[in-house]
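Let's take a walk through this model, starting from one spot and then stepping back to see the whole chain.

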Amino acid sequence: MTFQALLVRFKQGRAAFRNRIGQLDPAKATQKANQTSWSPAQVIGHLAIAEQFYVNAIVEAAELGIEGTPTQSLMIPIGCLVMNWGIPIPNPPEMEPPSEIDLQEALQGFDSAGAALIKWMESAEDPEHKVMAKTGMLGNVTAHQMLKMMDAHLTYHKRKLERTRVI
């Protein structure tokens with residue numbers, strides 16, 4: 001899928017998911033399917049943390065002028081495939097949402113992080129080939145590689161909430 005087509009799909013999917021969670025009764029938005037799962041508000045909070053992580057990496061790369069060859073690691077295509085299949089990937093502790101989170105607060109964080117991420121994606125120069133950020137686990141990544149990961153991540157959490165009938 002081209003970068004532009006993926007960006008359109010990501011923006012539409014993100015907006016639809018946000019609206020779906022935003023329309024939940026606040027009590028239902030903080031309800032978990034079971035003791036080990038996250039509530040819809042926590043999922044939105046987690047997605048905001050992940051998006052902000054990429055925004056921070058992009059800003060740091062822009063400030064430092066990071067260049068180089070994009071990663072050829074199989075972590076990106078395999079990670080996307082695994083998430084699209086609905087298989088969980090271990091979560092680093094810094095990506096954990098608060099156990100108690102207000103729906104409106106989570107939505108505000110999601111809106112803010114998403115607006116920043118999308119702005120960077122829309123302004124990406126040569127999104128298929130130019131390194132946009134360096135991340136610890138993935139190395140040098142392009143805008144297209146980041147967007148593939150974020151799209152698969154959104155898909156994973158949306159499907160997980162649907163399977164547990166929380167949304």
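H153 sits in helix α6, which covers residues 143-163. Helices here are DSSP runs of H or I with at least four residues, strands are runs of E with at least two, and both are numbered from the N terminus. Before going on, a word on the source: this is a predicted model, where local features need pLDDT of at least 70, side-chain atom pairs count only at pLDDT 80 or more, and totals for chains, interfaces and linings use all residues. Residues are numbered from 1 along each chain as its sequence is written, and side-chain values use heavy atoms, leaving out hydrogens and water.

Back to our histidine. H153 counts as buried because its relative accessibility is 11% (buried is under 20% relative accessible area, exposed over 50%, partly exposed in between, with a 1.4 Å probe and protein chains only). So who does it touch? Setting aside neighbours within four places in sequence, H153 is in contact with H46, L47, A50 and M83, contact meaning heavy atoms within 4.5 Å.

Now zoom out. The protein chain has six helices and two strands, and from the N terminus they run α-α-α-α-α-β-β-α. Of the contacts between residues at least 6 apart in sequence, 78% join residues at least 24 apart. As for burial, 45% of the 167 residues of the protein chain count as buried.

And the overall dimensions? Along the principal axes, the C-alpha atoms fill a box of roughly 45 × 30 × 30 Å.
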